[in-house]
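My plan is to look things up piece by piece and jot down whatever I find.

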Amino acid sequence: MIRFAYGCIPSIMSLAFANTLVRRGGLVPTSILLSAGGLRFQKKRYTPAQVLPVFLRQFGARFTGYNVLAGLGGSLPFGAPRGGLMSFQQLSRAYGIPLRVSDDFSGEETVEALRAQQVDLFVTSMCDQILREPLLGLPRHGCLNLHPSLLPDFRGVDSIFQAMLHGVPEIGTTLHRTTARIDAGDVHGQSAFTRTGAESHLALTVKATAAGVPLLARHLEALEQGRTPPSLAIDVTRARFPYRSWPTREELERFHAAGQVFWRAEDFRRLLRFEDPTDPTTRDVFPVAKAPLGTAAS
């Protein structure tokens, strides 16, 4: 069995992914690492109290409020009742997954903990930390990231926002090798689903990350069988939509003027009920892979 750890920033989206990974995908990490110490923004780390006025000045109330809601949703120690979304703490207890909080996944203390667990693979999704050595070289099968776009398009901080802003008809998910350059490592799998045009940023993010579960499952299966997973080098210079950092005020104004929204109350209700986020139009679009794409429930 391949022993993998999962690292993320705590949010309602990363919590939904962890629930889908474990409870629907049957992929139980050796440990879950939660990024701590506040939010990284413009090469600085802010506590929640510090970042609030910074975000309000930079982005305005709607974007700031959305990020506050998303962060709070992933940080609560309790989950929804009657089979609903489980908190990170509940997942830890129910499935025997050690939960670790770290402000530096690549730091000596965290790396030593992963080495003691004999982790074979380190997986991130919705992570605010840029991984570096010695973590990148620690697992024998390396480090992987699930990025919600069809790389090399929409590298960077918020690919779902940029995809919505540019009106692309499909939302993609890429499983790729983590390297020192952001979202630029070899691709191991990709899938895409069709937008209806009515989904919120939150709904699309949850769908896109859920689509990464079967990509990861297929990669793990290949490793367990001693096969080399398919891979394809990407050329970031050929991207139609290049790397972008945080949204600008002008981009946020265009986003809202086009009738796009970050969240709806029904999105949170579906998340709390732990409804299956798999989009029925999800399909494999990776040119190297031959097997058909499954669903997050398979």
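Which strands does helix α7 lie across? I looked: α7 (residues 201-210) lies across β6, β8 (170-177) and β9 (187-194), and it runs at about 45° to β8. Helices (H or I, at least four residues) and strands (E, at least two) are DSSP runs, numbered from the N terminus.

**Ground rules**

This is a predicted model, in which local features need pLDDT of at least 70 and side-chain atom pairs count only at pLDDT 80 or more, while totals for chains, interfaces and linings use all residues. Residues are numbered from 1 along each chain as its sequence is written, and side-chain values use heavy atoms, with hydrogens and water left out.

**The sheet**

I traced an open sheet of eight strands with mixed pairing, in the order β5-β2-β1-β6-β7-β8-β9-β10. β5 (99-102) and β10 (283-284) stand at the edges with a single partner strand each, so one side of each has no neighbour in the sheet. Two strands pair here if DSSP finds at least two bridges between them.

Next I checked β1 (residues 4-8) against β6 (residues 121-125): the two run parallel and are joined by four bridges. Gly-7 has Thr-124 in β6 as its bridge partner.

I also found helix α4 (residues 88-95) lying across β1, β2 (31-35) and β5, at about 140° to β5.

**Back to α7**

Two packed helices are described by the angle between their axes and the distance between the axes. For α7 and helix α10 (residues 265-273) I noted an angle of about 30° and axes 9 Å apart. Leu-202, Ala-203 and Val-206 of α7 make the contact with Asp-267, Phe-268 and Leu-271 of α10; contact means heavy atoms within 4.5 Å. By class, I logged five nonpolar, no polar and one charged residues there. For the classes, Ala, Val, Leu, Ile, Met, Phe, Trp, Tyr, Cys and Pro count as nonpolar, Asp, Glu, Lys and Arg as charged, and the others, Gly among them, as polar.

α7 turned up again in the second largest pocket, where it gives the largest share of the lining, four residues. α1, α7 and α10 each supply at least two lining residues. The pocket holds about 290 Å³ of space and is lined by 16 residues, with Ala-203, Val-206, Lys-207, Arg-270 and Pro-277 nearest its centre. I sorted the lining into seven nonpolar, two polar and seven charged.

How I read these spaces: on a 1 Å grid over the protein atoms alone, a cavity is a set of points where a 1.4 Å probe fits but cannot get out, and a pocket is an open set with protein on both sides within 12 Å along at least five of seven lines; lining residues have an atom within 4 Å of a point. Grid points are joined across faces, edges and corners, and a volume is the space filled by probe spheres set on the points.

The whole structure has two cavities of 30 Å³ or more.

Is Gln-162 buried or exposed? Gln-162 is buried, at 3% relative accessible area (buried is under 20%, exposed over 50%, partly exposed in between, with a 1.4 Å probe and protein chains only). Gln-162 lies in helix α6 (residues 159-165) and, neighbours within four places in sequence aside, touches Phe-154, Arg-244 and Glu-251.

Phe-154 sits in the loop between β7 and α6 and is buried too, at 7%. Phe-154 has phi near 60°, a positive value in a residue other than glycine.

I found a cis peptide bond between Leu-151 and Pro-152, with omega about 15°; Pro-152 is in the loop between β7 and α6. The Glu-133 to Pro-134 bond is cis as well, with omega near 10°.

Technical notes. Axes are lines fitted to C-alpha atoms, for helices over the stretch in contact, and angles run from 0 to 180 degrees between N-to-C directions.
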